[in-house]
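Subject: Structure for you to look at

Hello,

Please read the notes with the coordinates open.

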Amino acid sequence: MATEQELIEKATAMLDMAYVPYSHFPVGAALECADGAVYTGCNVENASYGLTNCAERTAAFKAVSEGRRRFSRIVIAARCEDYAWPCGACRQVLNEFGGPEMDVVCLNGKGEAARVKLGELFPHGVDSVWLGK
Ligand code: THU
């Protein structure tokens, strides 16, 4: 398993990969899977703004497309005053593969960390149980 510090470094390094010509707001993510595999992501914007993909979902979709379906932890980095809390859409996607026990570590621009469980950020999410699957 990676250390939290290693994941923080990977998430922070992804800030330089972000494609953000419209918002100028880079976000980086490092996602750890249950088997220890780590996938990174950055936000990728588009001239058709609504097509933007957040850093967290970039990492999540990379992981699932490589065969990982159980997420254990994500670190999210941004250069802002507040902590880089994941947006609602990303919370729903993380919930699909991480569930309420997934660890979410949000960094602020000073590199300070806020640590929460996904279930605190996203209670009562739609999941396979809700759907009866
Ligand atoms: N963004 C993320 O990458 N993750 C989030 O959880 C919140 C927002 C991106 C989308 C957009 O490129 C920029 O941050 C400003 O909203």
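Leu 31 has Tyr 39, a residue of β2, as its bridge partner. The strands involved are β1 (residues 27-33) and β2, which pair in the antiparallel sense over five bridges; two strands are taken to pair if DSSP finds at least two bridges between them. Helices and strands here are DSSP runs, numbered from the N terminus, with helices being H or I of at least four residues and strands E of at least two. Four residues lie between the strands of this hairpin, and Gly 36 takes a positive phi near 95° there.

This is a predicted model, in which local features need pLDDT of at least 70 and side-chain atom pairs count only at pLDDT 80 or more, while totals for chains, interfaces and linings use all residues. Residues are numbered from 1 along each chain as its sequence is written, and side-chain values use heavy atoms, with hydrogens and water left out.

Strand β2 is largely enclosed by the rest of the structure, because four of its five residues are buried. Buried means under 20% relative accessible area, exposed over 50%, and partly exposed in between (1.4 Å probe, protein chains only).

The loop between β2 (38-42) and α2 (55-65) holds Tyr 49, which counts as exposed because its relative accessibility is 58%. Tyr 49 also belongs to a nonpolar surface patch of about 430 Å², together with Tyr 19, Tyr 22 and Val 44. Like charges are joined within 9 Å, and nonpolar side chains (Val, Leu, Ile, Met, Phe, Trp, Tyr) within 5 Å. Accessible areas come from the Shrake-Rupley method with a 1.4 Å probe; for residues, only the protein chains shown count as cover.

In α2, the buried residues include Ala 55, Glu 56, Arg 57 and Thr 58. Their cover includes β1, β2, β3 and α3 (88-98). Just after α2, Gly 67 has a positive phi of about 95°.

For α3, the buried residues are Cys 90, Arg 91, Val 93, Leu 94, Asn 95 and Gly 98, and they pack against α2, β3 and α4 (118-121).

Ile 76 sits in strand β3 (residues 71-78). Ile 76 counts as buried because its relative accessible area is 0%. Apart from neighbours within four places in sequence, Ile 76 is in contact (heavy atoms within 4.5 Å) with residues including Val 27, Glu 56, Ala 84 and Val 105. Met 14 is 62 residues from Ile 76 along the chain, with 9.7 Å between their C-alpha atoms.

As for the whole chain, there are five helices and five strands, in the order α-β-β-α-β-α-β-β-α-α from the N terminus. The radius of gyration is 14 Å, close to the 14 Å that the globule rule gives for 133 residues, so the chain is as compact as a globular protein of that length. That radius is taken over C-alpha atoms, and the rule is 2.2 Å times the number of residues to the power 0.38. Of the 133 residues, 45% count as buried. The chain exposes about 7,300 Å², with 54% supplied by carbon and sulfur atoms.

Regards

Note on methods. Patch = residues over 30% accessible without salt bridge, like charges linked within 9 Å, V, L, I, M, F, W, Y side chains within 5 Å. Salt bridge = Lys/Arg side-chain N within 4 Å of Asp/Glu carboxyl O.
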